[in-house]
Amino acid sequence: MKSKFLFLIILAALIIRLIPTLVTNQPFSTDTWPLIRLSKVLLTNPECKVWNDSVLGGYHNRWPAVILESVLFATITSLDPAYFFRFAGVIITQTSISATTYALIKRYRGTYVALLCTLALTSIPSFVVFTSSTLKEVYAYPLILLLALVTIEDSLSKLSALTFLIALTSVSSHPLAPLMMIAFLGSYLFMNWVKRLEGSSYLRSVRKYLFIFLILCSVYVTYMVFYGWEGLIFKFGLSDFLTIFTVVVAVYGWYVLVGRGFKSLLILTPGIMILVLNSGFLEVPSILPILLYVAPFIALFLTYIYKREGRSGEGVLESILLPVSVGVQYIAITLPLFLSVLHRLLNYLSFAFVVFISSLNTRLEKAKRYAVFMIILSLITSMLISINLTFRGDPITYYWRYGDREVVGVSNLIKYVGSEKVCGDAKIKYLIGDVIAVDSLCALRLYKTSSGYPTVFYSDNFRFGYVLSPTDIYLTQELSALTLTRDFVYSNGAVYVVR
């Protein structure tokens with residue numbers, strides 16, 4: 001019976017995530033398009049090596065795991081690589097995430113709590129949207145969860161080969177996900193050290209965690225030094241490392257002196273407030289879509305009023321919250337350079353959400369009912385967001401949705417523009433890729449002076465805004481007002497080109 005519930009949870013998670021691509025008949029998410037293009041390059045050029053930066057661009061191919069799997073899928077099935085990113089990859093990653101989460105929680109908290117936690121992780125709105133496509137980081141999620149699962153194995157000799165293999169695969173998948181896993185493990189070791197200095201020894205033996213931490217660190221540093229570093233878009237200098245060190249000292253010092261337990265989450269507040277005040281979220285016409293995305297995390301705050309199961313989850317929750325706090329504070333300090341990765345960082349709070357649910361005392365009927373209510377609320381909001389995003393679009397992630405007419409319209413534009421530069425926002429830039437140069441800033445100058453280049457808009461630009469990053473969205477004029485001062489070049493009802 002329990003296996004049937006797990007199957008239904010996974011099935012529901014897959015259905016919700018496949019809605020956008022099934023309805024639009026196009027890949028979902030801006031980040032999917034470059035991965036599809038690189039997969040096609042490798043398929044059409046079998047002699048091309050994955051480390052050939054001159055052909056593959058020098059960024060995505062530095063973390064090629066998901067690209068290589070898509071090429072393998074296309075070779076075996078003779079299907080277009082887009083089908084892997086739209087369907088097969090989503091099914092594989094989400095099933096792996098759900099099954100690994102279930103196995104991990106069941107080990108310590110039993111079947112009932114494991115099912116609750118699995119349902120929770122598969123229903124958090126922001127996590128649902130982000131994992132509705134097969135991206136490099138999404139591909140890395142089940143790998144870092146699997147790394148957490150192998151710590152259950154008591155024999156370190158059995159861990160060595162498996163840990164190294166998982167570490168290498170995760171490190172070659174994405175630069176952030178394994179780094180966050182390193183930070184989580186490091187934070188857990190730090191908290192254990194602090195507790196031992198205070199004379200407490202309730203945390204588990206750190207031998208296995210230290211072992212995995214050292215392996216993952218070694219693989220990550222080696223990979224980044226010899227291959228990955230050159231592919232980073234943002235390269236850290238000495239001042240960046242000094243800033244990060246200062247933030248780490250402040251955040252972890254807060255934990256030691258003041259913020260024990262759930263209070264450690266409070267240090268997120270100043271950074272998030274700064275980011276919100278300096279982001280395009282303030283220009284969103286309605287606050288309701290934002291509330292839908294953050295509702296589960298608001299519920300997470302409220303859950304603290306209920307008792308937890310002894311020390312269950314103690315240390316694990318803080319080991320997730322502290323690194324996320326460091327990242328948020330650092331991004332707040334370095335505005336606006338890293339705003340584009342803020343949503344990726346905050347997605348790791350989804351794992352904190354699961355850990356906290358696993359720590360609830362489900363023997364208390366009131367706590368059990370509240371946990372079920374919170375998860376159902378999260379699932380309903382996820383379904384509403386997914387359906388609304390697919391059929392209408394929402395002001396937070398509207399630019400991740402691509403329709404047939406948009407793809408066809410941009411394809412026609414590429415044919416007739418030739419090698420000339422065009423202007424367009426992030427959605428257009430990712431869709432066109434490197435076929436022709438796309439300037440994301442020149443469209444903003446279009447309202448004052450002519451850019452001299454064709455400027456591409458799509459319908460949602462006039463509804464929600466012109467997007468530079470997930471937190472950097474600008475409201476635009478109506479199309480009718482724009483065409484009064486600019487030449488109208490092309491339209492297919494979804495894509496508009498002015499000059």
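## Basis and overall make-up

Helices (H or I, at least four residues) and strands (E, at least two) are DSSP runs, numbered from the N terminus. This is a predicted model, in which local features need pLDDT of at least 70 and side-chain atom pairs count only at pLDDT 80 or more, while totals for chains, interfaces and linings use all residues. Residues are numbered from 1 along each chain as its sequence is written, and side-chain values use heavy atoms, with hydrogens and water left out.

The chain contains 23 helices and seven strands. Of its 499 residues, 56% count as buried, where buried means under 20% relative accessible area, exposed over 50%, and partly exposed in between (1.4 Å probe, protein chains only). Among contacts (heavy atoms within 4.5 Å) between residues at least 6 apart in sequence, 75% join residues at least 24 apart.

## Helix α9 and Thr163

Thr163 lies in helix α9, which covers residues 156-171. With a relative accessible area of 1%, Thr163 is buried. Leaving aside residues up to four places away in sequence, Thr163 touches Leu147, Val150, Ile212 and Ile215. The C-alpha atoms of Thr163 and Leu216 are separated by 7.9 Å, although the two residues are 53 apart along the chain.

Helix α4 has 13 residues and reaches 18 Å from its first C-alpha to its last, close to the 18 Å expected at 1.5 Å a residue; the expected span is 1.5 Å times one less than the number of residues. Its buried residues are Ala65, Val66, Ile67, Ser70, Val71, Phe73 and Ala74. An α-helix has 3.6 residues a turn, so residues three or four places apart point the same way. After α4 comes Ser78, whose phi is positive, near 65°.

Phe5 is placed in helix α1 (residues 2-24) and is partly exposed at 43% relative accessibility. Phe5, Phe7, Leu8, Leu11 and Ile15 make a nonpolar surface patch of about 490 Å². Patches are made of residues with over 30% relative accessible area and no salt bridge; like charges are joined within 9 Å, and nonpolar side chains (Val, Leu, Ile, Met, Phe, Trp, Tyr) within 5 Å.

β3 pairs with strand β7 (residues 495-498) in the antiparallel sense over four bridges. Two strands pair if DSSP finds at least two bridges between them. Tyr458 stands opposite Val495 in β7.

## Salt bridges

A salt bridge is a side-chain nitrogen of Lys or Arg within 4 Å of a carboxyl oxygen of Asp or Glu. By this rule the count comes to eight salt bridges. One of them joins Asp80 to Lys40, with the closest N and O atoms 3.6 Å apart. Asp80 lies in the loop between α4 (65-77) and α5 (81-109) and Lys40 in helix α2 (residues 32-44), so this pair ties together parts that are 40 residues apart in sequence. Asp80 is partly exposed at 30% relative accessibility, and Lys40 is partly exposed at 36%.

Glu137 forms a salt bridge with Arg344, the closest N and O atoms being 3.0 Å apart. This pair links distant parts of the chain, with Glu137 in helix α8 (residues 136-149) and Arg344 in helix α16 (residues 342-346), 207 residues apart. Glu137 is buried at 0% relative accessibility, and Arg344 is buried at 13%. Lys427 and Glu406 meet in another salt bridge, at 2.9 Å from N to O. Lys427 lies in helix α20 (residues 426-432) and Glu406 in helix α19 (residues 404-417), so the pair ties together parts that are 21 residues apart in sequence. Lys427 is buried at 1% relative accessible area, and Glu406 is buried at 10%. Salt bridges that share partners join Asp31, Glu137 and Arg344 into one network.

Asn347 lies in the loop between α16 and α17 (349-358). Its relative accessible area is 3%, and Asn347 is therefore buried. Not counting residues up to four places away in sequence, Asn347 touches Ser126, Phe127, Phe130 and Tyr141.

Definitions and conventions:
Accessible areas come from the Shrake-Rupley method with a 1.4 Å probe; for residues, only the protein chains shown count as cover.
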